[in-house]
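This report covers salt bridges and a nonpolar surface patch. The sequence and structure are shown first.

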Amino acid sequence: KEEIQLLRDLQAQRDRHFQEERENKRKEIEEEKKKKEEELEMVRRRDEARKEELEKLRNLQVERERILKAERERVSKENELQRQKEERENEKLKEQAIERKKEIETLRALQLQREGQLKSERERIRKQK
């Protein structure tokens, strides 16, 4: 009977030992699983943060391009207005030059006419003497 009891005790001790090993293994697996889940969560958060940062950068790039386009359009309009203004000023200057030329021609014609009259007058006076 003692042998049987000893065998039962040994069997129970061995069963407890295996039970403890299984329990330890289960805890180890759970801890490993928990650790991996935490790592995955960390990676997911990091990826999400990167995605948000990329989205911010894209938005900034879009805004920058919009501002640059608006600035190019503004400069282009200013240049066009300046060109038109200069064109009008050049037209006015050309018209003024034409007017001056006409005035000079008129004054020359009047001067020639006056010189002709004076010459005629001198001739007449000379003939009278």
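## Salt bridges and a nonpolar patch

Leu57 lies in helix H1 (helices, H or I of at least four residues, and strands, E of at least two, are DSSP runs numbered from the N terminus). The model is predicted, so local features need pLDDT of at least 70 and side-chain atom pairs count only at pLDDT 80 or more, while totals for chains, interfaces and linings use all residues. Residues are numbered from 1 along each chain as its sequence is written, and side-chain values use heavy atoms, leaving out hydrogens and water.

Leu57 is partly exposed, at 44% relative accessibility (buried is under 20% relative accessible area, exposed over 50%, and partly exposed in between, with a 1.4 Å probe and protein chains only). Together with Leu54 and Leu60, Leu57 makes a nonpolar surface patch of about 290 Å². Patches consist of residues with over 30% relative accessible area and no salt bridge, with like charges joined within 9 Å and nonpolar side chains (Val, Leu, Ile, Met, Phe, Trp, Tyr) within 5 Å. Accessible areas come from the Shrake-Rupley method with a 1.4 Å probe, and for residues only the protein chains shown count as cover.

Over the whole structure, the search finds 15 salt bridges, each defined as a side-chain nitrogen of Lys or Arg within 4 Å of a carboxyl oxygen of Asp or Glu. Side chains of opposite charge can pair when their charged atoms come close. Three of the pairs are listed below.

| Pair | N to O distance |
|---|---|
| Glu41 and Arg45 | 3.4 Å |
| Glu63 and Arg66 | 2.5 Å |
| Arg74 and Glu71 | 2.4 Å |

Where do Glu41 and Arg45 sit relative to each other in helix H1? The two are four residues apart in this helix, which spans residues 2–128, and so are separated by about one helical turn. Glu41 is partly exposed at 27% relative accessibility, whereas Arg45 is exposed at 53%.

Glu63 and Arg66 are also both in helix H1, three residues apart, or about one turn of the helix. Glu63 has 34% relative accessibility and counts as partly exposed; Arg66, at 47%, is partly exposed as well.

Arg74 and Glu71 are three residues apart in helix H1, so about one helical turn separates them. Arg74 is partly exposed, with a relative accessible area of 37%, and Glu71 is partly exposed at 37% relative accessibility.

Salt bridges also link Glu23, Arg26 and Glu30 in a network.
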